[in-house]
Structure formats: C-alpha cells, structure tokens
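Hello,

Here is the structure for you to look over. My notes on what was found in it follow below.

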Amino acid sequence: MLEGFAEDEECDALRERVAELVSEFDPAGMVSIFSTNEQNRIADEYFMSSGDKIRFFFEENAFLPDGTLKQTKERSINKIGHALHDLDPVFNQFSRSEKIKDLATAIGFESPLLAQSMYIFKQPNIGGEVSCHQDSTFIYTEPTELVGLWFALEDATIANGCLWAIPGGHKRGLKSRWVRSENGKMQFQTFDPEPWPENELVPLEVMKGSLILLNGLLPHRSFENRSPRSRHAYTLHLIHANAKYSPDNWLQRPEPFHGF
Ligand code: FE2
C-alpha cells in the first residue's frame with residue numbers, strides 16, 4: 001500500500017473526466033438491453049465484448065421492471081470498463097505516467113502490458129458487494145503473474161465499502177479460473193473447493209490518493225456501501241508481455257494489449 005501515490009489533483013481529474021463520460025452517456029440503449037426477452041444473452045455479450053471499449057455497467061438493482069432506471073444514471077452505474085486506459089486521453093495519460101511505469105519496473109514487471117482498466121463507483125446507499133476472489137481467476141496467464149493497481153480516488157473506509165484482503169492468502173495458490181467453455185459460455189473451473197477463510201479478512205482503509213497493489217493471487221473482496229458517501233476507485237491490471245495470455249479468458253481483444 002502506497003499512501004499519497006496520486007496527487008489530489010490527479011484523483012480529481014479522473015473523477016471529473018468520468019463525470020463528463022457519464023453525462024455524455026445515454027442509458028436509453030441500456031434500457032432496451034434490460035427490457036428484452038433476450039436480456040441475459042445481450043447483457044452477456046455487452047460485457048464479453050467490452051475488453052477494448054468504454055462501457056457502462058449498472059448496479060444490479062438499478063432498473064425497474066419496465067427497464068427504466070430507479071435513480072439518476074449518475075447514481076446507478078456500478079463501473080465503467082475495460083479499456084479506459086487505451087481509449088480515453090485523460091485515463092491514458094494517468095495510466096501511462098512515468099511514476100506508474102517506474103513502479104511496474106520496481107515490482108519486476110520489465111515489459112508490462114496494460115490488460116484492463118475499471119472505474120468503480122461504489123455508489124452511496126446502493127453500492128453492491130464484490131465477493132471474495134483472486135483477480136487471476138479472471139485474467140489468467142502462464143506463469144500466473146498479474147498485478148492489480150487499485151487507486152483510491154476518495155477515502156475508502158469500512159463504512160463506504162473499502163477493500164478487504166486475506167493476508168498471505170496469495171500463497172494458497174489459485175482456487176479457480178473463469179473460462180470460456182466450448183459453447184462460448186463462461187464457467188468456473190475449480191481447483192480448490194475449500195471456501196475462503198473470510199474470518200481472516202482485514203480491512204484496507206485508505207486515504208484518497210493511496211495505491212493498493214494486489215497480487216493476482218491475493219484473495220480480496222469488498223462489502224456493500226450503505227453509507228451516504230461514494231467510494232470511487234480506479235483499477236489497472238498489468239500482465240507480463242512474455243507470459244502466455246490464456247485464450248479462454250473472458251477478456252479478448254482483436255488488437256493486442258499495449259505497454260506503457
Ligand atoms: Fe478484484
């Protein structure tokens with residue numbers, strides 16, 4: 001955990017840019033996705049092909065039965081993914097800054113590729129939980145080396161749904177993979193059926209500007225945000241250029257991943 005890694009102004013610039021993206025985003029298209037009989041198939045496709053796009057994902061309970069939003073779009077979006085770092089100039093500049101590049105080198109990523117980015121809102125009152133997982137379950141490479149950079153763009157506390165992690169949990173190996181099966185559907189391939197020892201979770205409360213480095217094997221989660229304060233975060237996942245990127249990961253793009 002690195003306190004003060006990002007300046008206040010950098011955090012604010014990302015937040016302001018996202019506010020612009022959200023204001024330009026027309027959720028009307030999403031309404032059709034969520035109100036059709038083919039809802040699941042289309043929603044799955046919207047997610048699965050988002051690896052090289054900027055797409056908006058809603059909180060699970062954001063919609064009324066008629067497909068309209070319960071609250072304003074600004075208060076309904078769960079996250080934006082998964083190529084902000086490539087497609088948006090503000091996020092590109094931040095994600096490819098010298099200090100992040102230097103950090104990647106310092107932790108042994110000599111020729112890193114930026115695999116995915118997410119802007120996570122953790123909305124006030126309705127921010128959903130994310131259950132305990134390892135990021136390598138979703139972005140698998142051989143060898144299994146992945147690092148998640150988690151930037152707090154606001155103070156993250158127990159009250160507004162900060163990260164929790166199991167210290168040393170990365171030494172237990174990879175518990176499962178989320179793989180594309182022959183029919184194109186995603187399914188979990190389980191190597192270790194033991195549940196996570198969630199009694200060992202510790203909260204990672206951090207101030208705005210802090211960076212949390214997450215080994216791809218470190219089990220972590222976050223709880224719901226029932227507080228009146230949001231908990232915005234930006235995440236970036238790095239892989240090694242010389243590692244084998246699994247062709248059955250969900251995240252596939254026509255263009256290769258880019259470095260710094
Ligand atoms: Fe994660």
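**The second largest pocket**

The residues that line the second largest pocket are Arg15, Val18, Ala19, Val22, Glu74, Arg75, Tyr119, Phe121, Gln123, Pro124, Ser230 and His232. Please keep in mind that this is a predicted model. The volume of this pocket is about 180 Å³. Helix α1 (residues 8–24) gives the largest share of the lining, with four residues. Sorted by class, the lining has six nonpolar, three polar and three charged residues.

**Aromatic rings**

Over the whole structure, a search finds 19 aromatic pairs. In one of them, the ring centres of phenylalanine 94 and phenylalanine 151 are 5.0 Å apart and the planes stand at 75 degrees, so this pair is edge-to-face.

Tyrosine 234 sits in strand β13 (residues 233–240) and phenylalanine 94 in helix α5, so the pair ties together parts 140 residues apart in sequence.

Are these two residues buried or exposed? Phenylalanine 94 has a relative accessibility of 6% and therefore counts as buried, the limit being under 20%. Tyrosine 234 is buried as well, at a relative accessible area of 0%.

Ring pairs join Phe94, Phe151 and Tyr234 with Phe5, Phe91, Tyr119 and Phe121 in a cluster. Tyr119 and Phe121 of this cluster are also among the residues lining the second largest pocket.

**Charges over rings**

Two side chains are worth a look here. Lysine 175 lies over the face of tryptophan 196, 4.3 Å from the ring centre. Arginine 221 lies over the face of phenylalanine 223, and its distance from the ring centre is 3.9 Å.

**The iron site**

Which residues coordinate the iron ion? They are His133 (NE2), Asp135 (OD) and His220 (NE2), at 2.2 Å. The spacing of the donor residues in sequence is H-x1-D-x84-H. Histidine 133 and aspartate 135 are both buried.

Regards

Technical notes:
Residues numbered from 1 in each chain as written. Predicted model: local features only at pLDDT ≥ 70, side-chain atom pairs only at ≥ 80, totals over all residues. Heavy atoms only, no water. Phe/Tyr/Trp six-rings, centres within 6.5 Å; stacked < 30°, edge-to-face > 60°. Helix = DSSP H or I, 4+ residues; strand = E, 2+ residues; numbered from the N terminus. Buried < 20%, exposed > 50% of the residue type's maximum accessible area, 1.4 Å probe, protein only. Lys NZ or Arg CZ within 6 Å of the ring centre and 35° of its normal. Donors = N, O, S within 2.8 Å, 3.2 Å for Na, K, Ca; no water. 1 Å grid on protein atoms, 1.4 Å probe; cavity = no way out; pocket = protein on both sides within 12 Å on 5 of 7 lines; lining within 4 Å. Points joined across faces, edges and corners; volume = space filled by probe spheres on them. Nonpolar A, V, L, I, M, F, W, Y, C, P; charged D, E, K, R; others polar.
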